[in-house]
Amino acid sequence: MKRMLDMEDFPMGTRVTTPSGRTGVVTKHRGAESKLDHFQRVTVLLDGPRKNDYVTLQPHLLTKNPPDTVGEPRIEPCK
């Protein structure tokens, strides 16, 4: 049986996919806000044209993505 994901599974800066298929980066962790609210939440900055497009979801709804390597230059070995 698969274990439920927790906030610790998504450190700040982790690339994730939301249930709707959108991708983004984890920017904030939120714990239980009150006595009646026992859920942990993760705030994600979504990719796209809008720079303040955030969504807050429970960690078990997110899927980890491999880190982006687009900005990293590839160095070819000399022959």
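How much of the accessible surface of the chain belongs to carbon and sulfur atoms? Here are some notes to go with your look at this predicted model.

1. To take the opening question: the chain has an accessible surface of about 6,400 Å², and 56% of that belongs to carbon and sulfur atoms. As for the interior, 24% of the 79 residues count as buried.

2. On secondary structure, you will find five strands and zero helices. Read from the N terminus, the elements run β-β-β-β-β.

3. The five strands form an open sheet with antiparallel pairing, in the order β4-β3-β2-β1-β5. Because β4 (54-57) and β5 (63-64) stand at the edges with a single partner strand each, one side of each has no neighbour in the sheet.

4. Nonpolar side chains tend to be buried together in soluble globular proteins. Here, the largest nonpolar core is made of nine residues: M7, F10, V16, V26, V42, V44, L46, L57 and L62. Strand β3 (residues 41-46) gives the largest share, three residues.

5. Setting aside neighbours within four places in sequence, V44 is in contact with V16, G24, V25, V26, T27, D53, Y54, V55 and L62.

6. Finally, on contacts across the chain: of those between residues at least 6 apart in sequence, 38% join residues at least 24 apart.

Key: Residues numbered from 1 in each chain as written. Predicted model: local features only at pLDDT ≥ 70, side-chain atom pairs only at ≥ 80, totals over all residues. Heavy atoms only, no water. Core = buried A, V, L, I, M, F, W, Y, C linked by side-chain atoms within 4.5 Å. Buried < 20%, exposed > 50% of the residue type's maximum accessible area, 1.4 Å probe, protein only. Helix = DSSP H or I, 4+ residues; strand = E, 2+ residues; numbered from the N terminus. Contact = heavy atoms within 4.5 Å. Areas by Shrake-Rupley, 256 points an atom, 1.4 Å probe, with all protein chains shown as cover. Pairing = 2+ DSSP bridges.
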